[in-house]
Amino acid sequence: MRGEYKVRGGKLVAVDVDVIDGRLANAHISGDFFLEPDRALEDIDASLNGMPVGSSVRELASAINNALDDGVAMIGFSPEAVGIAVRRALGHALRWEDLTFDVIGPRTLPPAMHVALDQVISEEVGAGRRHPTFRLWDWDSPLVVIGSFQSYRNEIDQAGADRHGIQVVRRISGGGAMFMEPGNCITYSLVVPGALVEGLSFEQSYVFLDDWVLGALARVGVDAKYLPLNDIASDKGKIGGAAQRRFTDGTVLHHVTSAYDIDADKMLEVLRIGREKLSDKGTKSANKRVDPMRSQTGMTREAIMASFLDYFRGRYACVDSDYTDDELARAEELVRTKFATPEWTYRVP
């Protein structure tokens, strides 16, 4: 069996391996990496032979580390990269190329429905009733979406929210607050099996799952990069932020919100934390719009979303899809019984 793993910003690692009586055998590592001294390659191969076929990336990496002298230099790859390649060879880890994605374009719904659909679609993917799914949000009313672990009273100025008629919903992933008025930002959700991020740390998985969007941004004229842990930025500043939720069945929900054209004054009347962030930068008053996607591209929001969809479809195997009646009904029920309830909204008071 053969598996390959391309280290982001590094080199390609390939492994050819057999399985005999439930253990790895005849392992051979190759690639365009650098290794000093070169005889260490034989030690890496030998460290894998005899390992149980069910060994995790961490266990495989530990075996490699234990077999190597302190003076060995692995350049452009790592023991973890070898472990991922092994897991891919055995069929336990997946590549983007192994997957076909359901793609759902922007559909205007109440924003709380999209929060609920994140849970519903993740459940469908985890149960095997859906392909891995990429979907764009669109919404028809204002809402603040706070992270699963944020304190409501620390984040929200209730008087400001009441004044502007803005509701608050808590999502199932961590991260920060999203100030969402119709047309002011671009949000997508990506739901994938955990095997796609096999062996990656949480930080590495954020970069890995958003690597495609850096290419999509370049297509619309934005030279962007990823800033740990979860920010996407250009030389003009932050563009967007990502959040994740990993389910017990291994399914990963990853979503990103990018600012298109936000009324900063209104946002700061509703979000307390936004004031702190601006004060840290020495800004006394927003008195402007936060519009990195609009100002840096000169494109309409609709054109940017269409370009994102086109880029994703061109990069991965995709089929066009839509929400089923059952998924929408379950999302509506979740809004009623969970996401719109005080017990969930104020669970971190």
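The model is predicted, so local features need pLDDT of at least 70 and side-chain atom pairs count only at pLDDT 80 or more, while totals for chains, interfaces and linings use all residues. Residues are numbered from 1 along each chain as its sequence is written, and side-chain values use heavy atoms, with hydrogens and water left out.

The pairing belongs to an open sheet of three strands in the order E1-E2-E3, with antiparallel pairing, where two strands pair if DSSP finds at least two bridges between them. Strand E1 (2-6) and strand E3 (23-31) stand at the edges and each has a single partner strand, so one side of each is left without a neighbour in the sheet. On average, and with direction ignored, neighbouring strands of this sheet are turned by 20° against each other.

Helix H3 (residues 79-89) packs on this sheet and touches E1, E2 and E3, contact meaning heavy atoms within 4.5 Å. The direction of H3 makes about 140° with that of E1; axes are lines fitted to C-alpha atoms, for helices over the stretch in contact, and angles run from 0 to 180 degrees between N-to-C directions.

H3 also packs with helix H2 (residues 57-67), at an angle of about 130° and with the axes 8 Å apart. H2 and H3 are therefore oblique to each other, since angles under 35 degrees count as roughly parallel, over 145 as roughly antiparallel, 65 to 115 as roughly perpendicular and the rest as oblique. In this contact, residues of H2 including Val 57, Leu 60 and Ile 64 meet a set in H3 that includes Pro 79, Val 82 and Val 86. The residues of the contact of H2 with H3 divide into eight nonpolar, two polar and two charged, where Ala, Val, Leu, Ile, Met, Phe, Trp, Tyr, Cys and Pro count as nonpolar, Asp, Glu, Lys and Arg as charged, and the others, Gly among them, as polar.

The axes of helix H8 (residues 211-219) and helix H12 (residues 301-315) come within 9 Å and cross at roughly 125°, which makes H8 oblique to H12. By class, the contact of H8 with H12 has seven nonpolar, two polar and four charged residues.

Notes:
Helices (H or I, at least four residues) and strands (E, at least two) are DSSP runs, numbered from the N terminus.
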